[in-house]
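I opened my notebook to record what I looked up in this structure. The sequence and the model come before the entries.

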Number of protein chains: 2
Amino acid sequence: MKLITRDTDYAVRALCYMAKRRDEVVSVTQLVKSLKIPQPFLRKILQTLNQAGILESQKGVGGGFKLARPSGDIYLFDLIRVFQGDFELNECMFKKKLCPNRTTCSLRERLEVIEKYAVSQLEPVTIAELVKER
Amino acid sequence: MKLITRDTDYAVRALCYMAKRRDEVVSVTQLVKSLKIPQPFLRKILQTLNQAGILESQKGVGGGFKLARPSGDIYLFDLIRVFQGDFELNECMFKKKLCPNRTTCSLRERLEVIEKYAVSQLEPVTIAELVKER
DNA sequence: TTTAAATGATACCATAACAGTATCATTTGT
DNA sequence: ACAAATGATACTGTTATGGTATCATTTAAA
Ligand code: FES
Ligand code: FES
């Protein structure tokens, strides 16, 4: 039961690293030296971020990736959305989304409260924030 | 990313049903008629609860299950523990539990806050509570 | 102009968790 | 004896997770 998967976590680390070198193009090879992440996996992650418009890429020798926008405009939730889909702790709970008990189920209400809290906590987090804090 | 799996959810429903008929032995067949849960699956769930000491069973004709203790003493967390293991939204995040970034990672702190909140919300919930509320 | 360093695009793979099913054995009330 | 119930256990299908592996393409620099 985890809130954050490996993809997302790795992405956060890589983006933090890049945020500290803004506008500098960083290659996967470089990144892998600092962050201990398997190369091909990190590569896939960065390509995904590129397709999602969070990174920009430059091909060829001396190429690599850089942030597509200021680190303060890259939200943790953007990454979660990319790698994990919508943030839902609820997802109640029957084949094709229709749970008969929705109206009566009080468990559901409690889960919703938790989800709301989690969202409120995570929503404001940006890469800039995370970099600043260390 | 769900907090509660099907097992747990089904268990909650079944236990609520049984809580309303305290000390009455209820068979899986009966339960399945009210709750829309696949029979063999529910059976497995109840057997597990039996082994966990949450239910008592009676074999043979007219047999079935009943609560092993008052519904106010059966906590949602008991069920979560049985079907999902420890409640951890964190589980950081590296092969054999040792994440190098633990000290510096500020993401972690945020997740911990959320986890604490979730626990505080779910901890007091008992079957009795859930029955009462509908 | 060749070469090497980089990404692009895809396909593949291994493991585990999740959500069940299926069987056979045993107990027990009638 | 029989049928209704649980006990025990093994099996199965699907999806998510956490990756690898390949081949193609771009590009800077020798
Ligand atoms: S069981 Fe579906 S809403 Fe709670
Ligand atoms: S990445 Fe391991 S504690 Fe945050």
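**Entry 1. An aspartate and its neighbours**

Where is the place of Asp78(A)? I found Asp78(A) in helix 4 (residues 76-84) of chain A. Helices here are DSSP runs of H or I with at least four residues, strands are runs of E with at least two, and both are numbered from the N terminus.

Before going on, I noted that this is a predicted model, in which local features need pLDDT of at least 70, side-chain atom pairs count only at pLDDT 80 or more, and totals for chains, interfaces and linings use all residues. Residues are numbered from 1 along each chain as its sequence is written, chains are lettered from A and ligands numbered from 1 in the order in which they are written, and side-chain values use heavy atoms, with hydrogens and water left out.

Is Asp78(A) buried or exposed? Asp78(A) has 16% relative accessibility, so it counts as buried. Buried means under 20% relative accessible area, exposed means over 50%, and partly exposed lies in between (1.4 Å probe, protein chains only).

I then looked up its contacts, meaning heavy atoms within 4.5 Å. Neighbours within four places in sequence aside, Asp78(A) touches Ile54(A), Arg69(A) and Asp73(A). With Arg69(A) there is a polar contact between the two side chains, at 3.1 Å. A polar contact is a pair of N or O atoms within 3.5 Å; within protein, one must be able to donate a hydrogen and the other to accept it, and residues adjacent in sequence count only if both atoms are side-chain atoms.

**Entry 2. Chain A as a whole**

I counted secondary structure next. Chain A has 6 helices and 2 strands. Along the sequence the pattern is α-α-α-β-β-α-α-α. The radius of gyration of chain A is 18 Å, well over the 14 Å that the globule rule gives for 134 residues, so chain A is more spread out than a compact globule. That radius is taken over C-alpha atoms, and the globule rule is 2.2 Å times the number of residues to the power 0.38. The C-alpha trace of chain A spans about 60 × 30 × 25 Å along its principal axes. Buried residues make up 46% of the chain's 134 residues.

**Entry 3. The nonpolar core**

Which residues touch the most other members of the largest nonpolar core? They are Leu49(A) and Leu49(B), in a core of 83 residues. Such a core is a set of buried Ala, Val, Leu, Ile, Met, Phe, Trp, Tyr and Cys residues joined through side-chain atoms within 4.5 Å. I followed Leu49(B). Residues up to four places away in sequence not counted, Leu49(B) touches Ala11(B), Leu15(B), Ile54(B), Leu55(B), Leu79(B) and Phe83(B).

**Entry 4. DNA strand D**

A residue is near a strand if one of its heavy atoms lies within 4 Å of it. There are 27 residues around DNA strand D, and Phe41(A), Lys44(A), Arg43(B), Asn50(B) and Ser57(B) come nearest. Sugar and phosphate make up 56% of the atoms of DNA strand D that come within 4 Å of the protein.

The side chain of Ser57(B) has an N or O atom 2.6 Å from a phosphate oxygen of DNA strand D. Gly60(A) places a polar backbone atom 3.4 Å from a base oxygen of DNA strand D.

**Entry 5. DNA strand C**

How many residues lie around DNA strand C? I read 28, with Arg43(A), Asn50(A), Ser57(A), Arg6(B) and Phe41(B) coming nearest. Sugar and phosphate account for 58% of the atoms of DNA strand C within 4 Å of the protein. By class, the nearby surface has 8 nonpolar, 12 polar and 8 charged residues. I sorted the classes this way: Ala, Val, Leu, Ile, Met, Phe, Trp, Tyr, Cys and Pro are nonpolar, Asp, Glu, Lys and Arg are charged, and the others, Gly among them, are polar.

A backbone N or O atom of Val28(A) is 3.1 Å from a phosphate oxygen of DNA strand C. The side chain of Tyr10(B) brings an N or O atom to 3.2 Å from a phosphate oxygen of DNA strand C. Gly60(B) has a polar backbone atom 3.4 Å from a base oxygen of DNA strand C.

**Entry 6. A loop residue**

Last, I checked Asp23(A), in the loop between helix 1 and helix 2 of chain A. Its phi is near 70°, a positive value in a residue other than glycine. Asp23(A) counts as exposed, at 51% relative accessibility.
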